[in-house]
Amino acid sequence: MTVERTVTVVPEAGLHARPASAFVQAVNDHEAEVSAGRPDGDLVQAASMIAITSLGVGQGDDIKLVADGPDAEAVLDELERILTTPEGELDTDDG
Amino acid sequence: MADRTLHGTGATPRSGVGTVVWYGRDISLPDPDDVKVDPEAEGRRFANAVDTAREELASEREATAERVGEDEAAVFDAHIQFLEDPTIEEAVETMIGEGQPAPNAVDAAFGEHIEQFEGMDGRMAERADDLRDVRDRLLRLLTDGERVDLGDLPDGSVVLAERLTPSDTAQLDPDRVAGFATVTGGRTSHASIFARSLALPAVVGVGEALEAIEDGTEVVIDGDSGEVLVAPDDTERAAAASDSGAAVVDASVETTDGRHVEVAANIGQPAELKPAVERGADGVGLYRTEFLFLDRETPPSEDEQYEAIRETLDTFPDGRVVVRTLDIGGDKQIPYLDQPDEENPFLGERGIRRSLGPDSDLFATQLRALLRAAADGAGDLAIMFPMVATVTELDAALDALDTAAADIEECDADVVDVEVGVMIETPSAAFMAGELAARVDFLSIGTNDLTQYVMAADRENERVGDLHDPSHPGVLRAIHRTVTAAHEEDAWVGMCGEMAGDPDLTELLVGLGLDELSMSAVTIPEVKTAVSDTEYSTASERADRAQLAATRSEVHTTLDT
């Protein structure tokens, strides 16, 4: 099953440092294949820290997520939680 | 025997002698034309190297979290993610499949991304450093399998390296390592700052000549002169080995004629607390809170700040800890704060000007954290406001402190009396020292900035470096005026710039009437000894003459006679 979602990034760091780390970790903790990118751009492998960091996604930017696999909904829920939680409140152990 | 001596930049005024252990050298890639590659075997070698690297990173992460802190350990999380990055893995596997040896494939796969990140600014460039760290770790595992464990070196080791990253330096144990020298780096590189904060002999920026020194060679690291001396003779060895500086003086000190002078430490990060205690600091004369705000994406919470200050107060149960409130602007940038581009940032919105303006919420949070820590911590807290130029600013800062105290009382928490002070860094503050001192308990002279503003000479500009010297009579008069005016108001006066840590100037400073001198831990024993050797009455006469001199050379003539 393929699902798609667009999320506006809340952490001040955007997709960098800890939020990026938590994001990639969450992708790896699920079975679904996830790709991500700017809504008008190419998608990259969400399991790659290099690819995700290179997107240069900042606070307030939209990011499109596409997941394919049995737990596609679950992984997108988790990624949305990470992307919409202000950084100070992000509990990385929970992901 | 000049050829035995290599020259670099001294990072810390101390010498050490020890045996060379090279770190991270000799990574030479095989020539793919010379080796017959079995792709399957190379693939296994790569997978094994990744596994070992992952184990190393996990154990270094744990050790760093314990020794330095959880925030510093977080760098290893990013390294693990880069290590496991599928983009790298796919590229390496493809190249191995095409007949490349594993080390060459790793080098090429990382190289592309390192270049990409290097070309970007700030945060992205830091990722290039992370990638380089991970690449070098894999290459080391793939080329010789041997590994120098920086956290477990034999006693008396001198570490030589091309460069030392933050994760490298966090592992060095100053109780065992006699010093280090690096090919690259300058006085303000991470490794230099680390060396100073731990009073570790270090020379950086030696250049490629360093690479000629073999493992197991005995060397002297002279962090004062910036020299690395190869194969020292008995005299040179003994001189370096005995340079633990002056003997550590644990008790507080006074002049031969009984005037007490407090000798305290400047603290810029938690790792500096232990060396400060070990080198006999009476307390902390300058606690720079900026480090709590750096290398992160959002400001620290009130509780985080409370914990950091509380720990410091508990480290000096019988002493005083002077905490400077947030002092950013000028050369200090914090990415998540909205700092404007200013034409003259040193003459712009910095220090208390920001705390009373755009950062007033941060200021309120910090003051509450400080007051709560003062109530619970062992030592005595003093709060100090930076970059004050006017009495009006000081009054506003004092109002903010009253508001913070009222907030805390409303929550039924205890509020204790703390000493409050002002940094004297601007000529205006020096001229207004009496009026400022009448409102507070102490003044602390920040000689780096005061010299810069009195002489109108940028401290980073080498072309006017000669003017950036606090022993010019213009600066001495500002100091003299500040001390005299403060004492008339029964306020005590400290000094927390580089000048305070120069043992050659101790007599002058004691003579000018300074009640407290605060410096990097490394020079505390020398300064304490110098205070004990000073006769206040003589020093005072000399200082009076020195500040009336017409030129800097006259000042020095006065001091030498």
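**Sites, strands and the chain contact**

Colleague: Leaving aside neighbours within four places in sequence, which residues is Glu425(B) in contact with?

Modeller: Contact here means heavy atoms within 4.5 Å. With neighbours within four places in sequence left aside, Glu425(B) is in contact with Asp327(B), Pro386(B), Met387(B), Gly446(B), Asp449(B), Leu450(B) and Tyr453(B).

Colleague: At what pLDDT do side-chain atom pairs count?

Modeller: Residues are numbered from 1 along each chain as its sequence is written, chains are lettered from A and ligands numbered from 1 in the order in which they are written, and side-chain values use heavy atoms, with hydrogens and water left out. This is a predicted model, in which totals for chains, interfaces and linings use all residues, local features need pLDDT of at least 70, and side-chain atom pairs count only at pLDDT 80 or more.

Colleague: Which residues does the UniProt annotation "binding site" cover, and what is the largest C-alpha distance?

Modeller: The annotation comes from an unreviewed UniProt entry and covers Glu425(B) and Asp449(B). They are spread over 25 residues of sequence but cluster in space, with a largest C-alpha distance of 5.4 Å. UniProt positions follow the numbering used here, feature names are shortened, and annotations may be inferred rather than shown by experiment.

Colleague: Is Glu425(B) buried or exposed?

Modeller: Glu425(B) lies in the loop between β14 (419–424) and α14 (427–431) of chain B; helices (H or I, at least four residues) and strands (E, at least two) are DSSP runs, numbered from the N terminus. Buried means under 20% relative accessible area, exposed over 50%, and partly exposed in between (1.4 Å probe, protein chains only). Because its relative accessibility is 2%, Glu425(B) counts as buried.

Colleague: What polar contact distance joins the side chains of Asp449(B) and Arg350(B)?

Modeller: Asp449(B) is found in helix α16 (residues 447–455) of chain B, and at 6% relative accessibility this residue counts as buried. A polar contact is a pair of N or O atoms within 3.5 Å; within protein, one must be able to donate a hydrogen and the other to accept it, and residues adjacent in sequence count only if both atoms are side-chain atoms. For the side chains of Asp449(B) and Arg350(B), the distance is 3.1 Å.

Colleague: In β17(B), which residue is the bridge partner of Met495(B)?

Modeller: Strands pair if DSSP finds at least two bridges between them. β16(B) runs parallel to strand β15 (residues 442–445) of chain B, with 4 bridges, and Met495(B) in β16(B) stands opposite Ile445(B). β16(B) also runs parallel to strand β17 (residues 516–519) of chain B, with 2 bridges. There, the bridge partner of Met495(B) is Leu517(B).

Colleague: What area do chain A and chain B bury between them?

Modeller: The contact takes 19 residues from chain A and 22 residues from chain B. Buried area is the accessible area (1.4 Å probe) that two parts lose on being put together, summed over both. For chain A and chain B, with 55% of it on carbon and sulfur atoms, the area is about 1600 Å².
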